[in-house]
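Work through the exercises below with the sequence and the structure side by side. Try each task before reading its solution.

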Amino acid sequence: MHWRTGSGRRDNVTVTEPAFRTDLYRGTARAYDDFRLPYPAGLIADLADRTGADGTGRLLDLACGTGQVAFALVGSFAEIWAVDQEPEMIGVARRKAQYLAVMSRFRFITGAAEQLTAPDGHFDLVTIGNAFHRLPRTVVARSVWRWLQPGGFLALLWGGSPHDGDEAWQHALKATMQRWQQRPGARARIPASYQEDRDARPDEQILAQAGYELTGRSSVPVSHVWTADELAGFVASTSVLSATALGDHAAEFDTDLRRELAACQPDGRFSQRAEMAYDLARRPG
Ligand SMILES: C[S@@+](CC[C@H](N)C(=O)[O-])C[C@H]1O[C@@H](n2cnc3c(N)ncnc32)[C@H](O)[C@@H]1O
């Protein structure tokens with residue numbers, strides 16, 4: 001348990017939130033689906049268990065990407081809304097649902113989470129996987145509160161990035177990514193106020209102020225051995241160093257990245273030990 005427990009709805013607070021460009025993930029959907037680590041089955045089973053998901057309820061997966069959370073929970077809900085503002089992400093997710101013959105349970109919506117219209121009290125669980133930090137958090141937290149039925153849950157899932165860790169190759173990966181994001185002439189893709197806002201207003205504060213009870217964190221250890229090709233694929237799936245973001249520099253970046261990685265790990269096996277987790281909040285019953 002890492003969160004303070006508390007609640008208290010303060011809807012009259014006015015906040016200014018960083019505004020992100022809406023095409024940050026353009027061109028990443030294929031790499032995203034191929035190279036992101038899946039949420040571990042144990043973590044998903046724990047989430048379903050703690051939220052009482054028994055196959056009859058309704059799930060809303062916001063900023064769903066290609067459906068990493070939605071498909072992991074597909075057996076636990078009768079109705080799933082999957083929402084993402086990037087059409088390519090929804091395109092891949094929709095094709096997956098068709099392939100898995102579960103389309104009848106899904107409603108796919110291309111659009112911003114903060115502009116979604118949904119019935120009050122409709123959902124048993126709302127999930128946001130590796131994305132709450134990219135949303136106008138206060139606005140979304142308040143909307144989700146209304147869309148949840150009393151007693152319903154909001155889960156923020158996170159983790160799995162290969163650059164988080166203390167291995168030499170992880171430091172090299174992180175440093176190379178930072179150097180290229182800050183290269184002269186690179187347009188700032190992320191608003192300058194982003195980290196400042198996260199530090200000043202932690203997620204748990206935003207959720208408590210929106211009226212949730214914070215019910216704690218669950219985490220599961222993961223270990224994975226990456227190849228250099230997979231790490232390059234992971235980086236291509238990010239909003240900051242995708243092929244679209246790098247433009248004419250994509251080939252040069254790829255060469256640099258592989259050189260840095262090979263210098264740390266000549267055998268080409270990059271072992272990661274990390275955790276994937278979710279933080280759970282509940283609309284009081
Ligand atoms: C890092 S991906 C997360 C995908 C998936 N939820 C997961 O757990 O891996 C972030 C996703 O958030 C989406 N996104 C960012 N801002 C959004 C917004 N305001 N409304 C809807 N989707 C948004 C992006 O298009 C992208 O697909």
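**Exercise 1.** Which residues does Thr28 touch, not counting residues up to four places away in sequence?

Before starting, note that this is a predicted model, in which local features need pLDDT of at least 70, side-chain atom pairs count only at pLDDT 80 or more, and totals for chains, interfaces and linings use all residues. Residues are numbered from 1 along each chain as its sequence is written, and side-chain values use heavy atoms, with hydrogens and water left out.

Solution. 
- Step 1: apply the contact rule, heavy atoms within 4.5 Å.
- Step 2: the partners of Thr28 are Glu88, Met89, Ala236, Ser237, Thr238 and Ser242, leaving out residues up to four places away in sequence.

**Exercise 2.** Is Thr28 buried or exposed?

Solution. 
- Step 1: buried means under 20% relative accessible area, exposed over 50%, and partly exposed in between (1.4 Å probe, protein chains only).
- Step 2: Thr28 has a relative accessible area of 0%, so Thr28 is buried.
- Step 3: for Arg105, in the loop between α4 (87-99) and β3 (106-110), the relative accessibility is 28%, so Arg105 is partly exposed.

**Exercise 3.** In what sense do β6 and β7 pair?

Solution. 
- Step 1: two strands pair if DSSP finds at least two bridges between them.
- Step 2: β6 (residues 213-226) and β7 pair in the antiparallel sense over 13 bridges.

How values were computed:
Helix = DSSP H or I, 4+ residues; strand = E, 2+ residues; numbered from the N terminus.
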